[in-house]
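Here are my notes on the model you sent over. Have it open while you read, and start with the surface.

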Amino acid sequence: MAQPLHVLILEDSYSDAELVHLELLRAGFTLNWQHVQSKEAFLNSLTVEPDVILADFNLPQFTGIEALQSVRQRGWDTPFILVSGTIGEDLAILAIKEGANDFLLKDRLTRLGHAIHAALEQKRLRQAERAALQRLQTSEARFRAIFERAAVGMAEIALDGTILQVNPAFCEITGYQAAELVQTPWFNLVSAPGRAASQALWEPVFAGAQESCLVETSWVRRDEQVIEVKSTFSLVRTPAVQPDYGIVAIDDMTARKAAERGLEKSLQDQSRLADLLASILNSLPAHIALLDKEGTIVTVNEKWKRFALENQLDQPDYGIGCNYIGVCETASVDHDPANGYRVADGIRQVLSGTQKEFTFEYPCPAPEQERWFKLIISPLCNSLDRETVEGAVTMHVDITDRMLVEAALRTSEERNRDLVENATDIIFTRKLDDTLLSINKIAETLTGYNRSEMLGLPFDHLLAPEFRALAHRKLKEQETETSLPTLFEAELVCKNGRRQPVEISSRLVFEGDRPVATQGIARDVSERRKLEEQLRQAQKMEAIGRLAGGISHDFNNLLTAILGYSEILLLRLQDERLRSKVEEIKKAGNQAAALVRQLLTFSRRDTRKPRSLNLNQVVRETQGILTRTIGEDIELVLHLQAELDPTYIDPTQVNQIIMNLVVNARDAMPTGGRLTIETRNFEVDATFAAAHPGATPGPHVKLSVSDTGYGMSDEIRSQIFEPFFTTKEHGKGTGLGLPIVYGIVRQSDGFLLVESQPGQGTGVHIYLPSTTFRLETTPLPGLSVELPRGTETILLVEDDAMVRQLAEEVLTLCGYQVLLATDGQEALLVVNDYQAPIDMLLTDVIMPKMNGPELALQVRTLFPDMLVVFMSGYTDRLLSQPMLEDQEIALIQKPFTPLILAQRVRTELNAKGKKG
């Protein structure tokens, strides 16, 4: 069973924290959650790092940014998501810069599960990247330890002959400090007489013509002492690429040369020769055996003997007296009998004088670990003519440390290549003339070009023309001004013509102090741009929503007075000419009220009355009016699933959705066509949700409205949900139809998709979450045409004078005793001073000094049985705050008519047992 997700929620509102908790459960998380409401509680809770932190942006004496900074100061990489009621663009950017993983608005919590999954995945990727870096650093440290501890002098040489680095053994042999050797020419260490000859031997290796060479010559130590040095130079290659650098291993041969000279000088005294020879041989680090002219082993040193004992080589007297040529021919050197014959042949060539020296490197299994040796066969010449070969010296030099160093280098380079090849970003190298030198595999996937098509071409051939000048300018600035990494955004033109947005960062590559190339990374920013565009769209819609909410309160008060007095005038006027004028005033007022409702619906700030609903029932009930709306030249086709799940939505809003979509479809088919309405159950899985922003996994009900009309281009389709955007002629559309549909669907926790191509019609597919609530079939009570009457006492609280005067006139006309107050504080004074019972508090929601819900709470504290009815055209969620969550809320929507006001007041009084 998966371990519960440890979530820390910083939120001063318990109800908002509970909504976040419910959304996490709905997203499928198993939770271990902790809710804190203050700065002190939050800091005290940071004893154990949680899996995720969700924080409100604004809290009393504390902010989400400060909380984020507290977490990051602890060095935690905890996913941190801001959840706020509102947040500006500057604060959102600041949050991201401070290290927030995401930010969500509280009325859009459906994306919370996806945001947490994304943040956790980002953390996992960062941890994997750090682990890979740690492994690379460990590998490099192991190589460094082997290099530094090797008993053989070793140096890394650039292809121009410059010393790059040396180990301590190298410094000990030459007498120089490492800092004195680095960046100096390699040949400076060779004594002047032998320098030209040594260069002639090494030059083919530096040029890549041969893999290695061995040179014996005189060197001059720092203390000006001349020493005899044997140097072996080997190239280090990257597969299929030119040599990168060389590794040189040196042995101080001074002692050996002295021993050889002493041996030649002491041939006349065999006894002395034997003792001296043994001493010399035993002082050398190699396993040494001396062979006579026939290849028979004459003597061996102590290191040879110890090796034979340690490895249990079954040879009499450690092989002395055996013919070493025959031993090699019967041995399997490097697990290959052919190599044994190769060594035997090398010995023969050295003994015959046809080859100056024979070398061979091979692995040798040992009890503890496999070791590597280098076999060196050198001739023993006559002391008189220096030409006649009298025998040979066989040396097995332990090169295990060197081989481990080289293996570590190869492993490190292979890992680096794997990292580059398997990277998700394009990694490239280009010359300063812009020619591409290398590029990794992902470039083929993103651009569609083969690597062979890109290499050798200028990099700007991949860039869109309008970005090439920018790329050249950035490169020149980097070369001539700062030499610092550069960062800019551009677009690649793929092989199929598609534009690929990327973020390019690059840095200069130097050889010494001279820049020679540029290394860069091009990162795919398509998804980031989509998110930025979604953010801009959300901010645009939020701004319009705030505008709608801002004007609706005062505008609905004006409309209430206009419609109310229009209706009163219609009841009293007898002159038909004047009545027609008043009817026009009322009609204009109703149109204005409808426009305000459209704006509030679009911004999702209207007051809904959702219930459990079967969409098939709504479609069938509207079928008649739909047929009349579209006309006879358009065929209406219904495909309604029989066992359709219910969904939770306001039925009036469903009618609005269907009518708006049907009218748009009708206008797209001026010469006739087919209009199809389809309903069916639809399961949104994780894959579908990931591919469609706004979708959440789970059971849904799908409503589709499709036509065979004009269709839309991609450009038009990208703007259809923007308010006031329309392709219709002036005066034939407000541009609010589809934005209203979008607002209703998102307000109901659904999402929608639009499919359309020019000339191929349009399909709008709406996905609404299924509900387990039972279907509600009870119709709303009908309204009478006469004003119902009563005698109860009503406290009317309204800050707008026109609305207050209209409501007082209507209620008085209906027989009620009316008490007046202009705001909440004045209403409390009336309640305290009035001696008789008050049956109803009828109050506006948004008022200065004290709003309606605050007044209702204080009044109910004093008089728990007092009936409360709210009036508002825009509640701004004041009626859904926690302090009223256990109360029954009655609301009269502005603008209202006298008949609606009188009927609703009477209905609420009757429901509470008042008899009038």
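1. The protein chain exposes about 47,100 Å², and carbon and sulfur atoms supply 52% of that area. Accessible areas here come from the Shrake-Rupley method with a 1.4 Å probe, and for residues only the protein chains shown count as cover.

2. A quick word on what you're looking at. This is a predicted model, where local features need pLDDT of at least 70 and side-chain atom pairs count only at pLDDT 80 or more, while totals for chains, interfaces and linings use all residues. Residues are numbered from 1 along each chain as its sequence is written, and side-chain values use heavy atoms, with hydrogens and water left out.

3. On the overall make-up: the protein chain has 29 helices and 34 strands (DSSP runs numbered from the N terminus, H or I of at least four residues for helices, E of at least two for strands). Of its 916 residues, 45% are buried (under 20% relative accessible area with a 1.4 Å probe, protein chains only; exposed is over 50%, partly exposed in between). Take the contacts (heavy atoms within 4.5 Å) between residues at least 6 apart in sequence: 59% of them join residues at least 24 apart.

4. Now have a look at the open sheet of 5 strands, ordered 19-18-22-21-20 with antiparallel pairing (two strands pair if DSSP finds at least two bridges between them). Strand 19 (436-439) and strand 20 (486-493) are the edges, each pairing on one side only. From one strand to the next, the twist averages 30 degrees (axes are lines fitted to C-alpha atoms, for helices over the stretch in contact, with angles from 0 to 180 degrees between N-to-C directions).

5. Strand 20 runs antiparallel to strand 21 (residues 499-511), with 8 bridges between them. Ala-490 sits opposite Val-502 of strand 21, and Thr-486 faces Ser-506. Their hairpin has 5 residues between the strands, and Gly-497 there takes a positive phi near 90 degrees.

6. Strand 21 is also joined to strand 22 (residues 514-524), antiparallel, by 10 bridges. Ile-504 has Ala-522 in strand 22 as its bridge partner. This hairpin has 2 residues between the strands, with Gly-512 at a positive phi near 70 degrees.

7. Is Ile-766 buried or exposed? Ile-766 counts as buried because its relative accessibility is 1%. It lies in strand 29 (residues 762-769). Beyond its neighbours within four places in sequence, Ile-766 contacts residues including Ile-657, Leu-661, Val-701, Val-741 and Phe-751. Val-705 is 61 residues from Ile-766 in sequence, yet 8.6 Å away in space, C-alpha to C-alpha.
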